[in-house]
Amino acid sequence: MYDESTTSLRVAIVTGAARGIGAAIARRLASDGAAVALLDLDADGCEKVAAEIRGSGGRAWAGSVDVTDSGRVEAAVEAVVTELGPPTVLVNNAGITRDNLLFKMTEDEWDAVMDVHLKGAFLMSRTVQRHMTAQGYGRIVNISSISALGNRGQANYASAKAGIQAFTKTLALELGKFGVTVNSVAPGFVVTEMTAATAERLGLTFEDYQNKAAEQAAVRRVGRPEDIAHAVAFLAAEDSSYISGQVLYVAGGPVN
Ligand code: NAP
């Protein structure tokens, strides 16, 4: 339970933290000294990662949330405040894909992606900013994607990820005077279950899909969740107080 004597401790919330990039971000922020709340639809997955963090001497708590549901978002953030203290870092990472070419894309596929990425980031940020502005300090990092620049078969996802960038810049303008910075990390290809599922949909082995992605990257390799966690940790650090409203592409090369 939260103890007043730990108020100087940074408390980070990571959504979509049960696996993939979110789990790597949670591990990294914990190793950088934050008490980390791992939230996801999959609370058991979060608990596994949290237990691993605690096993290596870090502080972590796992909870469940559906970021599209305002009631569950409020309850989850309240639980974090009770368990770890008021949040100072929020990483909006939860995400889904529902890829389809425009002429086949259903309204449900469009809505589901908009809801998780955009409404999810909105609900989480609106709830958490209260605690940050009250403390006069905060770091929000939103996970966008290179798909924000346009990607065939992802009209929904690309629009949501571009929206995340506009959301980031707007929050940076609104929250800066309260000591809260807001930035975005836009990953390129990262090896996770999300990209494994895309390979399957495209009829490729995951290995072939990764090889193709590596060939296209300037650094000739694919990204790992830890590469994204490193960029998030940089933007979430106290010393990054003069960086706000930025989009950092982490894609193994320039993007256009
Ligand atoms: P992932 O392995 O599929 O993990 C995403 C996590 O988000 C899952 O644990 C998922 O839970 C959770 N989630 C989905 N909907 C949720 C909701 N409504 N509320 C709470 N949690 C929810 O994906 P990833 O590759 O790590 O991606 C993480 C983020 O990076 C996403 O925003 C993604 O768009 C972005 N990104 C990824 C790549 C890449 O190459 N992998 C590239 C650019 C950007 P369930 O499994 O229970 O659904």
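Predicted model: local features only at pLDDT ≥ 70, side-chain atom pairs only at ≥ 80, totals over all residues.
A polar contact is taken here as a pair of N or O atoms within 3.5 Å. An oxygen atom of the ligand is 2.5 Å from an N or O atom in the side chain of T192. The backbone also takes part, as a polar backbone atom of L41 is 3.5 Å from a nitrogen atom of the ligand. In total, 30 residues surround the ligand, and the closest are R19, D40, N93, Y157 and T192.

Helix α1, spanning residues 20-31, packs with helix α2, spanning residues 43-55, at an angle of about 25 degrees, and their axes are 10 Å apart. Because angles under 35 degrees count as roughly parallel, α1 and α2 are roughly parallel to each other. The crossing of α1 past α2 is right-handed. At this contact, A23, A26, R27 and A30 of α1 meet V49, E52 and I53 of α2. By class, five of the residues in the contact are nonpolar and two are charged, with no polar residues.

Helix α4 (residues 107-135) and helix α5 (residues 155-175) pack at an angle of about 15 degrees, and 9 Å separates their axes. With that angle, α4 is roughly parallel to α5. Here too a right-handed crossing is found, with α4 passing α5. From α4, the contact residues are E109, W110, V113, M114, H117, L118, A121, F122, S125, Q129 and T133. Their partners in α5 are A155, N156, Y157, S159, A160, K161, G163, I164, F167, L171 and L175. The contact of α4 with α5 comprises 13 nonpolar, seven polar and two charged residues. Y157, one of the α5 residues that meet α4, is also among the residues closest to the ligand.

Technical notes. Residues numbered from 1 in each chain as written. Heavy atoms only, no water. Axes fitted to C-alpha atoms, helices over the stretch in contact; angles between N-to-C directions. Helix = DSSP H or I, 4+ residues; strand = E, 2+ residues; numbered from the N terminus. Parallel < 35°, antiparallel > 145°, perpendicular 65-115°, else oblique. Left-handed = near helix turned anticlockwise from the far one by under 90°. Contact = heavy atoms within 4.5 Å. Nonpolar A, V, L, I, M, F, W, Y, C, P; charged D, E, K, R; others polar. Near = heavy atom within 4 Å. Polar contact = N/O pair within 3.5 Å; in protein donor to acceptor, adjacent residues only side chain to side chain.
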